[in-house]
Amino acid sequence: MAENAQEPAGAPAPDKATAAKRSNRRIGDILSDLGYATHQQIEETIKSEEDAGLQLGLRLLRRNIITDVQLAHALAVRLGVGFTDLSHLSDIDPEATGVLPERIARRYLLIPTALEGKTLTVAMVSPGNVFAIDAVRAATGYEVKALAAPERAIRQAQDRCYGFGADLENSASELASIEVGASEEEESLDVGQIRNEAEDAPVVKYVDSLISHAIQDRASDIHIEPARDAVSVRIRVDGRLRPTIAPPKNMQNAVISRIKILSSLDIAEKRLPLDGRLRVKLQGREVDLRVSTLPTIHGEKVVLRILDKTAVRMELEKIGADAKFLEHLRVILRRQTGMILVTGPTGSGKTTTLYACLNYVREVSKNIISVEDPVEYEIEGVTQVLARSEIGMTFARALRSILRQDPDIVMVGEIRDLETLEIAIRASLTGHLVLSTLHTNDAVSTVTRMVNMGAEPYLIASTLVTCAAQRLVRTICPDCKEEYAPTPALRARLEDLLQVKVPDKLLHGKGCPGCGGTGYYGRTAVFEFFNIDVAARDMITRRASEQELRGLQKTQGTGNLMENALRRALIGDTTVEEALLLETSL
């Protein structure tokens, strides 16, 4: 790998970079010289008490002022070493990684990239760490040439070269070499034989590696889908499914049975859908998985929903809401009564928003109870009840019991029927704050949906405080974010939609290994809301049409989902293309 062959997007001209390199000044001065942070941002960070014990570069990184690529580049300039963003993982020499034990690479956050003669080139988060360099030298016997590299890129390279990705590929190869005694379509296998196959070391290793690989890649779901002659395995990352390494067809039953054993499901039952749960521990953190099986003509399809608490932002300030909606939400959450409804399709982040709301109002003096199906995340200080319709524990029945438990705030996972809706309305009328979700396309149609379910308009007007609709949009990858000039036609369309002047340059991601070539990394929520003020209550009571309600919402100046997403695109949170996709979902 060539030294200093790459620079992050927006790197300065060579003469400026050289001047910064010769200056040998503080990291803050170098970041400023390179144009990555302003003097004001640096001074504000130094004066802030937040993360005061950390180094300045890490504090700037945590405040999203700089990216890890920019920090690594500035560190390379300061130390006079090479820089790499590890953008070509194929350039990492397997012989180089093979000479260094994984435990040392992970302990010191580094990855060997090349081996030439007696010199081992190593990409490091801290290329000035002499203890790390000495440890590599002692373990390998080679001289060490250090390069600076971003932390996230190093961790991903480690996982692919040492850990999860390599383990997954190796375990799939081991499965392919196993012979089983019966075909996957044969129904006569006894339970003992199924269990023995499921507990074979290669099967156990493959399932463990698949789950670990998916968690490390920030997946929300794992899909194992049987076909006639093969098995497909896909993981959902940032809302999109992408293929990953699958087991051979003849090991389909064993892999699925292993997952069923882990989630305490009946491995002999293949004719009915089953639901289970399991918990894994990965790198010191516990992750819950919900397991669902579905019989198909080619065997059982399995979907594992990954519920990683550390990946979910349960603070109100971090759900992605703009300042106007956030302030509105804070005000109404301080109320003692009323009903707040969040709407959107499955997977749009509604439950996470409700959890963030509960987190905001949570205090010792309040009795907060929720009824959910399922309980996705446990929240300290909140009594969480699991609805189980198969035994008669419906949302409505649970809600009736909850109201006898002297609650201050009640969260209902989803209002699915008139009975639940009526109890929720009655609860809000009798001095409770009720939070729940509905399935509607936008905020205004929430009112229409409640009326269509059978609720009296005057009761809706008396209890509903606000209704918000939300969607998730992908955010631009910070490591490959770059500017581009919008076409005249796109500029005209955006200005017509938003009634603002569009900047000469917009942002998108060009694609890099860190984001899997997509240009996106992570997702954020966009919202629209309909404030139930005096005018709205009057219109709801007299059964105004949905069109009239939309007209009122427009005068409130809150914007619709697509408009709000486009505004986020103009400031570089997401792309225009991603925001315009919301037009087709409305």
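At what angle do helix 14 and helix 15 pack, and how far apart are their axes? Before the answer, a word on the basis of the description: this is a predicted model, in which local features need pLDDT of at least 70 and side-chain atom pairs count only at pLDDT 80 or more, while totals for chains, interfaces and linings use all residues. Residues are numbered from 1 along each chain as its sequence is written, and side-chain values use heavy atoms, with hydrogens and water left out.

Two packed helices are described by the angle between their axes and the distance between the axes. Helix 14 (residues 323-333) and helix 15 (residues 350-361) pack at about 55 degrees, with their axes 11 Å apart; helices here are DSSP runs of H or I with at least four residues, strands are runs of E with at least two, and both are numbered from the N terminus. The axes are lines fitted to C-alpha atoms, for helices over the stretch in contact, and the angles run from 0 to 180 degrees between N-to-C directions. The two helices are therefore oblique to each other, given that angles under 35 degrees count as roughly parallel, over 145 as roughly antiparallel, 65 to 115 as roughly perpendicular and the rest as oblique. On the side of helix 14, the contact (heavy atoms within 4.5 Å) is made by Leu 329, Arg 330 and Leu 333, and on the side of helix 15 by Cys 357, Tyr 360 and Val 361.

Helix 13 (residues 252-262) is mostly covered, with 10 of its 11 residues buried, where buried means under 20% relative accessible area, exposed over 50% and partly exposed in between, for a 1.4 Å probe and protein chains only. Among the buried residues of helix 13 are Gln 252, Asn 253, Arg 258 and Lys 260. The helix is followed by Ser 264, whose phi is positive, near 60 degrees.

Most residues other than glycine have a negative phi, and most peptide bonds are trans. Asp 238, in the loop between strand 6 (231-237) and strand 7 (240-243), has a positive phi of about 55 degrees although it is not a glycine, and at 10% relative accessibility it counts as buried. Gln 499, which is found in the loop between helix 20 (488-498) and strand 18 (506-509), likewise has a positive phi, near 55 degrees, but at 64% relative accessibility Gln 499 counts as exposed. Finally, the peptide bond from Asp 373 to Pro 374 is cis, with omega near 0 degrees, and Pro 374 has its place in the loop between strand 12 (368-372) and strand 13 (382-386).
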